[in-house]
Amino acid sequence: MRAVIFTSPDRPIEIVDVDLADPGPGEVKVKITAAGVCHSDLHVRRGEWQPPVPLVMGHEGSGVVVQVGAGVSGLVEGDHVVLSWVAPCGQCRHCRAGREARCQLVATVVSPGGVLHDGTSRLSRDGETVHHYLGVSSFAEYAVVPASGAIRIRDDAPLDTMALVGCAVATGVGAVTNTAGVEPGSTVAVIGCGGVGLSVIQGARLAAAERIIAIDVRPEKTALAMRLGATDQIDASGVDSVAALLDLLPDGVDYAFDAIGKTTTTEQAIRMLGLGGAAVIVGLPPTGARASFEPLTLAEADQRILGSNYGSVRPAIDIPALVDRFMAGDLLLEELISSRRPLDAAAAALDELEVGQSFRTLLIP
Ligand SMILES: [Zn+2]
Ligand SMILES: [Zn+2]
């Protein structure tokens, strides 16, 4: 099959033929309908994260089950699925407690090793192992994934658009509902209005937040944020966004989401908090980045800093529920998609994301 391979930040990504083995026990093969291009793919290409290479890129996607491995129940050929980059093991103490985004096997074996649950890869090229990226590798014609990472969704949902639910939307909405537990009437600031930030904004709207302040350096992005539920916008290109936020809400906010993940934006999110506020880190920084805050202020103001991995998602519950909310008209997702392009456009799509030009590009293999 054709797939987008990353080898080193010093080499362009390549579209080549790779071999994909049949699904093993507990796995399924999915024909990819669409794959979303996300900042986490960019971190890899820039060399800011160092997963095992070579790898097939992509961790957001949707498709159709075409082959089912031994022992899989609940999925059959023809099922429409959204891929989850946390494929819970179901056995570890976090999975048993229903906190699957913390799955021990995913955190210690699958993601760092570039493999599936049994510690091996189904991908190869000329006999050499090629790694999975976050257990998904969706920039390809097909993917073999653990069955727990292929979440069956309703047949009447537009399958290509639903790819977004697998990363950006689950991460953004989940950060609001699962990680932070934003209450009705809350005040919320969101730094960064890309695919994840706009999903945070929609999550905050669904949670009935009273004020939702969208902050970005690109006015077209905050303008879209206003259409998706933000009540106020701050153009951060020429101003100190903390001062601008405090002009709007002098007491600070109850929740500040950093949907970018730079040292500066994380520090800004903490400084935007009011009494009892929580800063939620959703966007991911490069490995080794350090941010600072004043512990005395945090303690005196009874504030919290929360990390949110994948929106603390429970894939099998949250992903179908998010699809339902889209079908009910509560979540707007078509608006997040800048373009649909062939697999060959992967490098160009990453370039556009690099300069902040696009919201979400869908690659259609
Ligand atoms: Zn992502
Ligand atoms: Zn687990």
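Student: Which residues in α1 are buried?

Tutor: A residue is called buried if 20 or more other C-beta atoms lie within 10 Å of its own, exposed if 12 or fewer, and partly exposed in between, with C-beta atoms placed from the backbone. In α1, the buried residues are H39, S40, D41, V44 and R45. Please note that this is a predicted model, in which local features need pLDDT of at least 70 and side-chain atom pairs count only at pLDDT 80 or more, while totals for chains, interfaces and linings use all residues. Residues are numbered from 1 along each chain as its sequence is written, and chains are lettered from A and ligands numbered from 1 in the order in which they are written.

Student: How are the helix names assigned, and what do the buried residues of α1 pack against?

Tutor: Helices (H or I, at least four residues) and strands (E, at least two) are DSSP runs, numbered from the N terminus. Two residues are in contact if their C-beta atoms, placed from the backbone, lie within 7 Å. The buried residues of α1 pack against β1 (2-6) and α11. After α1 comes G47, with a positive phi near 80°.

Student: At what angle do the axes of α1 and α11 cross?

Tutor: Axes are lines fitted to C-alpha atoms, for helices over the stretch in contact, and angles run from 0 to 180 degrees between N-to-C directions. The axes of α1 and helix α11 (residues 346-354) cross at roughly 100° and come within 10 Å. Angles under 35 degrees count as roughly parallel, over 145 as roughly antiparallel, 65 to 115 as roughly perpendicular and the rest as oblique. The two helices, α1 and α11, are therefore roughly perpendicular to each other. H39, D41, L42 and R45 of α1 make the contact with L350, L353 and E354 of α11.

Student: Which residues of α4 and α10 meet?

Tutor: V169, A170, V173 and G174 in α4 meet D318, I319 and L322 in α10. For classes, Ala, Val, Leu, Ile, Met, Phe, Trp, Tyr, Cys and Pro count as nonpolar, Asp, Glu, Lys and Arg as charged, and the others, Gly among them, as polar. The contact of α4 with α10 has five nonpolar, one polar and one charged residues.

Student: Where do the buried residues of α6 lie, seen down its axis?

Tutor: In helix α6 (residues 219-228), K221, T222, L224, A225 and L228 are buried. They fall within an arc of 155°, taken from the directions from the helix axis to the C-beta atoms, so they line one face of α6. The face turned away from the buried side carries the exposed residues P219, E220 and R227. On the buried side, the packing partners are α5 (195-206), β13 (211-216) and β14 (232-235). A223 also lies in α6; A223 is partly exposed, with 15 other C-beta atoms within 10 Å.

Student: Which domains does the assignment give?

Tutor: Domain bounds come from an automatic or database domain assignment. Here the assignment gives domain 1 (2-166 + 333-364) and domain 2 (174-308). Their contact takes 13 residues from domain 1 and 10 residues from domain 2. Helix α1 (residues 39-46) gives the most to the side of domain 1 that touches domain 2, with three residues. That side of domain 1 has five nonpolar, five polar and three charged residues.
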